[in-house]
Amino acid sequence: MPIIYLETLEAGFVKDTKFEWDTFNFPAVEGGKGDQNELTGAPEGFMIHSKTKHPEEAMKFLKFMISKQNGELLVKETGLASPVKGTMTEQNSTAKERAITELVAGASNMTLWIDTAPPADIFTPYTGGLQELIAGKKTPEQLMKEVQDAAAK
């Protein structure tokens, strides 16, 4: 059985395919440390700058953007999940898309993707070094030394 790692927004790309597919959290590693109900991803959201000249208007606009009606429209028109609870319905999404949303909502925490958190000058030696580590061309200590040197710059 083939497995592919996709983001939640990519469910729309496969929902009309003729092959059977499903979604699941990575299986727990027996004896593994950490929270097995945590997901990898990047939480998204809106913010209003504390020094905005129009805080009331900004808040009104945000409330408009995240209304249930607009959340339902977002799902229907784009296929993307809305962050507003109750906006993924039988009329605008598939059962599998709703299941994905429930998986995310039920997660205990969100761990950022490795390319989301660090700046590029740290991320680049890290990911390139991981490939060399897996290939047996570099030790974990060598890799972390390179990452630490990049971070020190």
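Glutamate 72 is partly exposed, at 28% relative accessibility (buried means under 20% relative accessible area, exposed over 50%, partly exposed in between; 1.4 Å probe, protein chains only). Glutamate 72 forms a salt bridge with lysine 68, with the closest N and O atoms 3.2 Å apart (a salt bridge is a side-chain nitrogen of Lys or Arg within 4 Å of a carboxyl oxygen of Asp or Glu). The two residues lie about one helical turn apart, because they are four residues apart in helix α3 (helices are DSSP runs of H or I, at least four residues, and strands are runs of E, at least two, numbered from the N terminus). Lysine 68 is partly exposed, at 45%.

The model is predicted; local features need pLDDT of at least 70 and side-chain atom pairs count only at pLDDT 80 or more, while totals for chains, interfaces and linings use all residues. Residues are numbered from 1 along each chain as its sequence is written, and side-chain values use heavy atoms, leaving out hydrogens and water.

Threonine 87 sits in the loop between α3 (68-78) and α4 (95-105). Threonine 87 is buried, with a relative accessible area of 0%. Among the residues it touches are Lys68 and Glu72, not counting residues up to four places away in sequence (contact means heavy atoms within 4.5 Å).

The structure holds five salt bridges. Lysine 96 and glutamate 20 form one at 3.2 Å, N to O. This pair links distant parts of the chain, 76 residues apart. Lysine 96 is partly exposed, at 24%, whereas glutamate 20 is exposed, at 71%. Lysine 138 and glutamate 146 meet at 2.8 Å, N to O, in another salt bridge. Shared partners join Glu132, Lys138 and Glu146 into one network.
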